[in-house]
Amino acid sequence: MSDISPEAPWPPRSAADFPRLSGLPAYVFAQVNAEKAERIAAGEDVIDLGMGNPDLGTPGHIVDEMVAHAADPRHHRYSASRGIHGLREAMAEHYAERYGVTLDPETQVVVTIGAKEGIAHLMLALLENGDTVIVPSPAYPIHYYSVVFAGGHVHSIPLVGDEDGYVVGDALLSAVEAACASTWPRPKALVLSFPNNPTTLSATPELLERAVELCRRERLLLIHDFAYADFSFGDSEPPSLLQVPGAMDVGVEFFSMSKSYCMAGWRVGFCVGNTAMVQALTKIKSYLDYGIFQPIQIAAAHALRSPQECVGETREVYRRRAEALVGALHAAGWAVPEPRATMFVWAPIPGEYVHMGSMEFARHLLREAGVVVSPGVGFGREGEGHVRFALIEPEDRLREAGQRIAKALMRKAA
Ligand SMILES: Cc1ncc(COP(=O)(O)O)c(C=O)c1O
C-alpha cells in the first residue's frame with residue numbers, strides 16, 4: 001500500500017505532501033523559535049524559558065556510573081530494545097518502594113527511549129486507523145500527535161483547574177462520559193497526565209480511582225503520563241495511577257528519567273502496568289529499535305537504586321525558581337498563579353493583551369523583553385489565553401526576566 005494518495009503531488013514538494021504528516025496540527029512553536037534564533041544570532045541577550053529542557057546537570061554519581069562502563073567493548077554492541085533486565089528490575093523495585101506496587105520486570109515493564117518515544121509507539125501499537133482517543137486539552141503535544149501518527153482521531157476535552165491547583169474531576173470525567181456517549185465507534189483510549197504540563201494541575205488519588213472505574217465501565221484503555229512524578233511542591237506526593245486497585249487491568253503509566261534525574265538528553269523512560277499493553281509496546285519496539293546504549297541503561301538503574309536526595313534537591317530548585325519568577329511577575333502587575341507542581345508557570349495573558357492571542361503575545365514578549373515563552377495555543381485550543389514559562393534558568397535570570405517583562409508591559413500601558 002502506498003503512503004501517497006493518488007491526489008498527492010508528484011514529485012512531493014514538502015513534508016506536508018505526505019498524508020500522514022499533513023494531518024498534523026501546525027507546529028506553532030516553530031515561529032517563536034525562528035525569531036528567537038534570529039535575535040540570538042544578532043547578539044541579543046535572550047532569556048529562553050520556552051522549552052521544558054532541564055538546565056541542571058545530571059547528578060555526578062549517575063554520570064560516573066555511565067563513564068565507568070562506557071569504554072567496555074561488551075557494551076558497544078546492540079542492547080535489548082525492551083531494556084536490560086537490571087534496569088527493568090530497578091524500575092520494578094522503585095514502584096514497590098515508592099508506591100507499594102508490584103510489577104513483574106519481565107512482562108509489566110518496558111524501557112523506552114524517553115516517555116515521548118514510548119507514548120508515540122504505544123499509540124501505533126494500540127490503534128487502528130480511525131480509532132478515537134480522548135485527550136484533555138491543553139496537553140503535552142505528543143499526546144495529540146501520537147494519535148494522529150497512528151491514524152487515529154483526537155477527541156479533545158477541556159482540562160479545568162480549581163483554585164488549589166487540582167484538576168476539577170467532575171468536569172473532566174463527565175466530559176469523558178459525554179465523549180463516549182456521542183462518539184461511534186466508541187473511543188478506545190483516554191490519556192491523562194498529572195502533575196500536568198502545561199497547566200501544572202495535580203490529581204488526587206480519588207480522581208485516578210474514578211478514572212479507572214470509568215475506563216472499566218466504558219471499556220477504555222488508560223494511558224497516564226507521569227513525567228512529573230517527583231515535582232509536587234505541596235505536602236502530598238503525586239499519586240501513581242498504578243496505586244489504584246484494578247488500574248493494571250485497564251492502563252499503563254509512563255515514567256521518565258528526564259526530569260526526576262535531570263537526564264533529558266540521555267533518553268530513558270519506562271512504560272509500566274497492564275501486561276497486554278506493555279507487551280504490545282515491547283513487540284512494536286522490537287521491530288523498530290535496538291535499545292539504548294547499555295552504559296546509559298546501567299547508569300539509569302544506578303540512579304533508581306541510589307539514595308534519592310538528588311531528586312528532592314532538584315524539586316527544591318524548581319520550587320524556589322517558581323517562587324522567584326512568580327514574585328517578579330506579581331511585582332510587574334501580572335497576577336500569575338503559583339504552581340503547586342511541575343517545572344512551569346502557566347500564566348493567563350494579562351487582560352489588555354488577551355486580544356493578541358498567545359502566539360502574538362509570546363512574540364511581543366520576545367521583541368519587547370527578550371524573553372522566550374511557549375504560546376499556550378501550542379498545547380491545544382484550550383491553551384489559548386495563556387503562555388507557559390519553563391523554569392530552566394537560575395533564580396536571578398528569572399527575576400531579570402520578570403523585570404524586563406515589567407518594563408515591556410509598562411511601555412504598552414504608557
Ligand atoms: C508531560 C510530558 N511527558 C513526557 C515528556 C518527555 O519525556 P521524555 O524526555 O522522557 O521523553 C515531557 C517533556 O517535557 C512532558 O512534559
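User: Which residues lie nearest the centre of the second largest pocket, and how many line it?

Analyst: This is a predicted model, so local features need pLDDT of at least 70 and side-chain atom pairs count only at pLDDT 80 or more, while totals for chains, interfaces and linings use all residues. Residues are numbered from 1 along each chain as its sequence is written, and side-chain values use heavy atoms, with hydrogens and water left out. As for the pocket, 19 residues line it, and Asp 162, Thr 199, Leu 201, Pro 337 and Trp 346 lie nearest the centre. Its volume is about 370 Å³.

User: What makes something a pocket or a cavity?

Analyst: Work on a 1 Å grid over the protein atoms alone: a cavity is a set of points where a 1.4 Å probe fits but cannot get out, whereas a pocket is an open set with protein on both sides within 12 Å along at least five of seven lines. A residue counts as lining if it has an atom within 4 Å of a point. Volume is the space filled by probe spheres set on the points, which are joined across faces, edges and corners.

User: How many cavities of 30 Å³ or more are there, and what lines the largest?

Analyst: There is 1, and the largest cavity has a volume of about 40 Å³. Its lining is Pro 136, Pro 138, Ala 139, His 143, Val 191, Leu 192, Ser 193 and Asn 196. By class that is 5 nonpolar, 3 polar and no charged residues. Here Ala, Val, Leu, Ile, Met, Phe, Trp, Tyr, Cys and Pro count as nonpolar, Asp, Glu, Lys and Arg as charged, and the others, Gly among them, as polar.

User: And what is the lining of the largest pocket like, by class?

Analyst: That one has 18 nonpolar, 12 polar and 7 charged residues, in a pocket of about 810 Å³. Among the 37 lining residues, Met 51, Gly 52, Lys 116, Tyr 140 and Lys 259 lie nearest its centre.

User: Why is Ile 84 called buried?

Analyst: Buried means under 20% relative accessible area, exposed over 50%, and partly exposed in between (1.4 Å probe, protein chains only). Ile 84 has 18% relative accessibility, so it counts as buried. Ile 84 and Ile 298 are 214 residues apart in sequence, yet 8.2 Å apart in space, C-alpha to C-alpha.

User: How do you know that the length of helix 8 agrees with what it should span?

Analyst: Helices are DSSP runs (H or I, at least four residues), as are strands (E, at least two), numbered from the N terminus. The expected span is 1.5 Å times one less than the number of residues. For the 14 residues of helix 8 (residues 205-218) that gives 20 Å, and the end C-alpha atoms are 20 Å apart, so the two agree.

User: Where do the buried residues of helix 8 fall, seen down its axis?

Analyst: Leu 207, Leu 208, Ala 211, Val 212, Leu 214, Cys 215 and Glu 218 are buried. They fall within an arc of 165 degrees, so they line one face of helix 8. The arc is that of the directions from the helix axis to the C-beta atoms.

User: Are Arg 219 and Thr 342 buried or exposed?

Analyst: Arg 219 has a relative accessible area of 72%, so it is exposed, whereas Thr 342, at 0%, counts as buried. Phi is near 55 degrees for Arg 219 and near 75 degrees for Thr 342.
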